[in-house]
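This report covers a predicted model. It goes through the salt bridges, the helices and the sheet in turn.

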Amino acid sequence: MVKQELVLNNSVGLHARPATFFIQKANEYKSSIWVEKKDRRVNAKSLLGVLSLGVAPGDTVLLSADGEDEDAAVAGLLDLVNNNFGE
């Protein structure tokens, strides 16, 4: 299992459009991927789950992946977030 904290520095956090990009990227991987904020953990491949976390700009979340491509999954999602979702 690979874990990585990340900070959402884009203007809206993980809402609507960025959340869609996030789950699309997560679905490219075979590994199980989760996003945690405080005491809540959701499936990173679920739009409703990710939106339910209410991740705002500046929030820190814990990303974890478990499976055959776990390293690539965490690296890919971290890159997406660090590049402000390609915007």
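## A buried lysine and its partner

Lysine 37 counts as buried, because its relative accessibility is 16% and the cut-off for buried is under 20%. The side chain of lysine 37 meets that of aspartate 59 in a salt bridge, at 3.1 Å from N to O. Lysine 37 sits in strand β2, and aspartate 59 in the loop between α2 (47-52) and β4, so the pair ties together parts that are 22 residues apart in sequence.

## The other salt bridges

The count of salt bridges comes to 3. One of them joins glutamate 68 to lysine 30, with the closest N and O atoms 3.8 Å apart. This pair links distant parts of the chain, 38 residues apart. Glutamate 68 is in the loop between β4 (60-66) and α3 (70-82). Lysine 30 is in the loop between α1 (16-26) and β2 (32-37). Glutamate 68 is exposed, at 69% relative accessibility. Lysine 30 is exposed too, with a relative accessible area of 66%.

Glutamate 28 forms a salt bridge with lysine 25. Their closest N and O atoms are 3.4 Å apart. Glutamate 28 is exposed, with a relative accessible area of 54%. Lysine 25 counts as partly exposed, at 24% relative accessibility.

## Helix α1

Which residues of α1 are buried? They are Pro18, Ala19, Phe22, Ile23 and Ala26. Seen down the axis of α1, these buried residues fall within an arc of 130°, so they line one face of the helix. An α-helix has 3.6 residues a turn, so residues three or four places apart point the same way.

The buried residues of α1 pack against β2, α2, β4 and α3. The face turned away from the buried side of α1 carries the exposed residues Ala16 and Arg17.

## Helix α3

α3 has 13 residues. From its first C-alpha to its last, α3 reaches 18 Å, close to the 18 Å expected at 1.5 Å a residue. The buried residues of α3 are Glu70, Ala73, Val74, Gly76, Leu77, Leu80 and Val81. Viewed down the axis of α3, they fall within an arc of 165°, so they line one face of the helix.

What do the buried residues of α3 pack against? Their contacts are β1 (2-7), α1, β2 and β4. Asp71 and Asn82 are exposed, on the face of α3 turned away from its buried side. After α3 comes asparagine 84, whose phi is positive, near 50°.

## The sheet

In what order do the 4 strands of the open sheet lie? The order is β1-β4-β2-β3, and the pairing is antiparallel. β1 and β3 (40-43) are the edge strands, each pairing on one side only. Neighbouring strands of this sheet are turned by 25° against each other on average, direction ignored.

β1 and β4 run antiparallel and are joined by 6 bridges. Valine 7 has threonine 60, in β4, as its bridge partner. α3 packs on the sheet and touches β1, β2 and β4. The direction of α3 makes about 5° with that of β1.

Definitions and conventions. Residues numbered from 1 in each chain as written. Predicted model: local features only at pLDDT ≥ 70, side-chain atom pairs only at ≥ 80, totals over all residues. Heavy atoms only, no water. Salt bridge = Lys/Arg side-chain N within 4 Å of Asp/Glu carboxyl O. Buried < 20%, exposed > 50% of the residue type's maximum accessible area, 1.4 Å probe, protein only. Helix = DSSP H or I, 4+ residues; strand = E, 2+ residues; numbered from the N terminus. Arc of directions from axis to C-beta. Contact = heavy atoms within 4.5 Å. Expected span 1.5 Å × (residues − 1). Pairing = 2+ DSSP bridges. Axes fitted to C-alpha atoms, helices over the stretch in contact; angles between N-to-C directions.
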